[in-house]
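Welcome! Try each task before reading its solution.

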Amino acid sequence: MELKGQHILVTGASQGIGRAIARELMAQGGRVVVHYNTNEKAAGELIAEYPNTHSALVQADLEDPEAVSRLFHSSLKLVGHLDAIIFNAGVFIPHPVVKSTNDWYGIWEKTLSINLDSVGQLTQLGITHFKQKGGGRFIYIGSRAAFRGETAEYLAYAASKGGITALSRSVARSFGKEGITSFVIAPGFTRTAMAESFIASHGEALLLDEIALPELTRPSHIAPLIAFICGGKMDHATGTVIDFNAGSYMH
């Protein structure tokens, strides 16, 4: 029960990487605020697995700044305080440049709104809260795309993850003396529902060819690292980007 007494918000926790993270945190005794947008059933089933943690659900559409603010304040109302925020929610929407400018830019706006704008808003709210309570941790689920770039259909996704990386490093530099630490985990392709559409279009062999290991990363591979960071064992690595991409990109 390494995380007993810790209160942690995980965005996008009803499925994929976020679900695996929330499950691991609760398994280690953490009290988790499970954020979801549309899949209330899956989110409810998740916290029902660990009733003794008294974890909670909060719905929010991260495209809506007012909903983002409600998510934060509802989380505090439900659990009293937060010790860490895990920024996992995100979208991976193709928008090839052959689309009309309006259609292309519409997807750009949606992607940046969810993947970066909501993250910035929650970071600002979190900094204020952490300063008042004497510290806290931010963990951002980024992407190797921030460093090697992404394919032509996913320019907005890559831009959003680059922004997250710069944000995390700036938070680490600016607020460390107030007990606030910040980390980026940068996966490659991970076997989640978000990646399945790419696999369906391009084939799994394409992805396996570019990694050093014999299988794609799974969410359950990533989750223990998040719990380890939440436990305070990596605070002196604040500002770090941790590549978690099965050896597909090293820098």
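Helices (H or I, at least four residues) and strands (E, at least two) are DSSP runs, numbered from the N terminus. This is a predicted model, in which local features need pLDDT of at least 70 and side-chain atom pairs count only at pLDDT 80 or more, while totals for chains, interfaces and linings use all residues. Residues are numbered from 1 along each chain as its sequence is written, and side-chain values use heavy atoms, with hydrogens and water left out.

**Exercise 1. Describe helix H1 and what follows it.**

Step 1: Find the span. H1 covers residues 16-27, which is 12 residues, and reaches 17 Å from its first C-alpha to its last. That is close to the 16 Å expected at 1.5 Å a residue, where the expected span is 1.5 Å times one less than the number of residues.

Step 2: Look for cover. Buried means under 20% relative accessible area, exposed over 50%, and partly exposed in between (1.4 Å probe, protein chains only). In H1 the buried residues are Ile17, Gly18, Arg19, Ala20, Ile21, Ala22, Leu25 and Met26.

Step 3: Step past the end. After H1 comes Gly29, with a positive phi near 95°.

**Exercise 2. Trace how strands S1, S2 and S3 are joined.**

Step 1: Start with S1 (residues 7-10). It runs parallel to S2, and 4 bridges join the two; strands pair if DSSP finds at least two bridges between them. Val10, for example, has Val34 in S2 as its bridge partner.

Step 2: Follow the chain. It goes from S1 through H1 to S2 in a right-handed β-α-β crossover. Right-handed here says that, with the strands pointing away from the viewer, the path from the first strand over the helix to the second runs clockwise.

Step 3: Continue to S3. Together S2, H2 and S3 make a right-handed β-α-β unit.

Step 4: Check the cover of S2. Of the 6 residues in this strand (31-36), 5 are buried.

**Exercise 3. Which rings pair with each other, and how?**

Step 1: Set the rule. Rings of Phe, Tyr and Trp (its six-membered ring) pair if their centres lie within 6.5 Å; planes under 30 degrees apart count as stacked, over 60 as edge-to-face and the rest as tilted. The structure holds 8 such aromatic pairs.

Step 2: Take Phe92 and Phe189. Their centres are 5.9 Å apart with 85° between the planes, so the pair is edge-to-face. It links distant parts of the chain, 97 residues apart: Phe92 is in the loop between S4 (84-87) and H4 (101-133), Phe189 in the loop between S6 (180-187) and H7 (193-202). Phe92 is buried at 10% relative accessible area, and Phe189 is buried at 14%.

Step 3: Take Phe138 and Tyr140. This pair is tilted, at 6.1 Å centre to centre and 35° between the planes.

**Exercise 4. Are His54 and Ala246 buried or exposed?**

Step 1: Recall the background. Most residues other than glycine have a negative phi.

Step 2: His54 is exposed, because its relative accessible area is 55%.

Step 3: Ala246 counts as buried, because its relative accessibility is 13%.
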